[in-house]
Amino acid sequence: MSLDSNIVLIGPMGVGKSTIGRVLSQMTNREFKDTDQVVEEKTGADIPWIFDVEGEEGFRDRESAVLSELLNETGLVLATGGGIVMREANRELLSTQARVVYLTASVNQLLKRTRRDRKRPLLQVDDPKAKIESLINLRHPLYESISHTQISTENRTPKSVAEEIISNLDMLDA
């Protein structure tokens, strides 16, 4: 796998993109960045505040700008927000300028991992499980359409997932 290419982790919220991304960056000697974290740093506000003040559309504008900027760098491991695939321009950038890894897990696993997290504006609803199912149904075809490989994080350690990512991407380059 070329050290210049960026590895981008996509998938639903709670699947482990940030945690696995940090492990993967250490294992591959790449810098780790998280689009949500960069949006917060550039804005000086957390994501729930951005959603409250600017709405989801305002957040997605900021997210798209950050994605475009980060993909101009090389040799990154990049964790993205779950909804980054909702914009066609983002999907185009990702599919042409990075190695894209789609991380998956069951709805029950995602619910368990996000249950107490108050920093996820889309899950602040009466029925978070139904919301997760709805988001997955909407986004799954988009995730699949741009991913180079798909890996389950279900009941796995971040290290074992990172090892599989490296193995799968090495095979793509062979």
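Start with everything selected and colour by burial: buried residues make up 47% of the 174 residues in the protein. Keep in mind that you're looking at a predicted model.

Now switch to a cartoon view. Trace the chain along its sequence and the elements come up in the pattern β-α-β-α-α-β-α-β-α-α-β-α.

Next, zoom out and look at the overall dimensions. How does the radius of gyration sit with a compact globule? For 174 residues, such a globule would have a value near 16 Å, and the protein's 15 Å agrees with that.

Then try the surface. The accessible area comes to about 8600 Å², and 47% of it belongs to carbon and sulfur atoms. Colour by charge next: there are 22 positive and 27 negative charges, and their mean positions lie 6 Å apart.

Last stop: select T35. You'll find T35 in helix α2, which covers residues 35-43. Is T35 buried or exposed? T35 counts as buried, because its relative accessibility is 0%. To see what surrounds T35, leave out residues up to four places away in sequence and show the ones it touches: V66, L70, L78, A79, T80, G81 and I84.

Key
Residues numbered from 1 in each chain as written. Predicted model: local features only at pLDDT ≥ 70, side-chain atom pairs only at ≥ 80, totals over all residues. Heavy atoms only, no water. Helix = DSSP H or I, 4+ residues; strand = E, 2+ residues; numbered from the N terminus. Rg over C-alpha atoms; globule rule 2.2 N^0.38 Å. Buried < 20%, exposed > 50% of the residue type's maximum accessible area, 1.4 Å probe, protein only. Areas by Shrake-Rupley, 256 points an atom, 1.4 Å probe, with all protein chains shown as cover. Lys, Arg positive; Asp, Glu negative; His and termini not counted. Charge placed at Lys NZ, Arg CZ, Asp CG, Glu CD. Contact = heavy atoms within 4.5 Å.
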